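Dear colleague,

Please find the structure below for your records. My notes on its salt bridges follow.

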Amino acid sequence: AAIFCTVIASSIVFSFVVRPIYEAHTAVIIEPRAGKGGLSSVLDVSGYIEPGSFNISVINNQVEILKSYSLAERAIERLKKLYGTDKISLFYSKTGVPSQHVLVKRLQAVTTIVSVRDTDIIEIRVRAGSPWEATAIANVVAATYTEESVADARAEVRDVKAFLQEQLSMVKTRLAESEDRLKAYQEKEKVASLSDETASLV
């Protein structure tokens with residue numbers, strides 16, 4: 001009986017003393033673009049990749065991006081624009097809004113990024129003093145990552161387009177040079193072109 005009473009008492013004290021912490025979860029699905037675009041697929045230099053191994057590499061890379069300082073900076077700016085600095089406890093300070101570096105470290109401290117085993121899913125977990133705040137921060141981190149991924153994809157498309165235009169220009173130049181050399185050879189050797197021969201037979 002003594003043990004039971006001690007546990008209950010401890011639980012009551014803990015509930016009153018410790019500030020409740022809520023955790024919100026959101027997830028992003030990673031869709032690797034390998035083989036679907038980019039200079040590697042255009043140049044066909046990717047080579048053989050063991051099934052599954054590429055996805056693991058991509059997932060690990062994206063986890064590190066989600067944990068990165070730069071992404072946290074952009075998420076902080078997004079939070080400021082959406083909610084200001086008075087609704088999110090992350091921005092609280094007795095001496096005014098903390099520095100950007102402090103805010104980034106705070107965000108990283110309350111955010112956990114984990115990959116879901118054997119899937120293309122990365123989970124974003126955020127802890128905060130209220131369910132609303134935890135959800136808001138988790139959604140902003142996910143939105144910031146998604147926006148960055150879209151920007152990267154667009155940049156990749158622009159790079160491929162520029163590469164193809166450059167290659168097309170080079171091919172046109174080489175084709176024109178080849179036609180000039182053929183014409184010069186025909187004039188020198190007095191060889192009639194196929195179109196001339198065909199015209200003479202009609």
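Which residue forms a salt bridge with R78? The partner is E147, and the closest N and O atoms of the pair are 3.3 Å apart. A salt bridge here is a side-chain nitrogen of Lys or Arg within 4 Å of a carboxyl oxygen of Asp or Glu. Because E147 lies in helix 6 and R78 in helix 4, the pair ties together parts that are 69 residues apart in sequence. Helices (H or I, at least four residues) are DSSP runs, numbered from the N terminus. R78 is partly exposed, at 26% relative accessibility; the class lies between buried (under 20% relative accessible area) and exposed (over 50%), with a 1.4 Å probe and protein chains only.

Please note that this is a predicted model, in which local features need pLDDT of at least 70, side-chain atom pairs count only at pLDDT 80 or more, and totals for chains, interfaces and linings use all residues. Residues are numbered from 1 along each chain as its sequence is written, and side-chain values use heavy atoms, with hydrogens and water left out.

In total, the structure holds 5 salt bridges. One of them joins the side chains of R74 and E148, at 2.3 Å from N to O. This pair links distant parts of the chain, 74 residues apart: R74 belongs to helix 4 (residues 69–83) and E148 to helix 6 (residues 131–189). R74 is partly exposed, with a relative accessible area of 40%, whereas E148 is buried at 18%.

A further salt bridge pairs D118 with R117, their closest N and O atoms being 3.8 Å apart. D118 is exposed, with a relative accessible area of 74%, and R117 counts as exposed at 72%.

Yours sincerely

Technical notes. Helix = DSSP H or I, 4+ residues; strand = E, 2+ residues; numbered from the N terminus.
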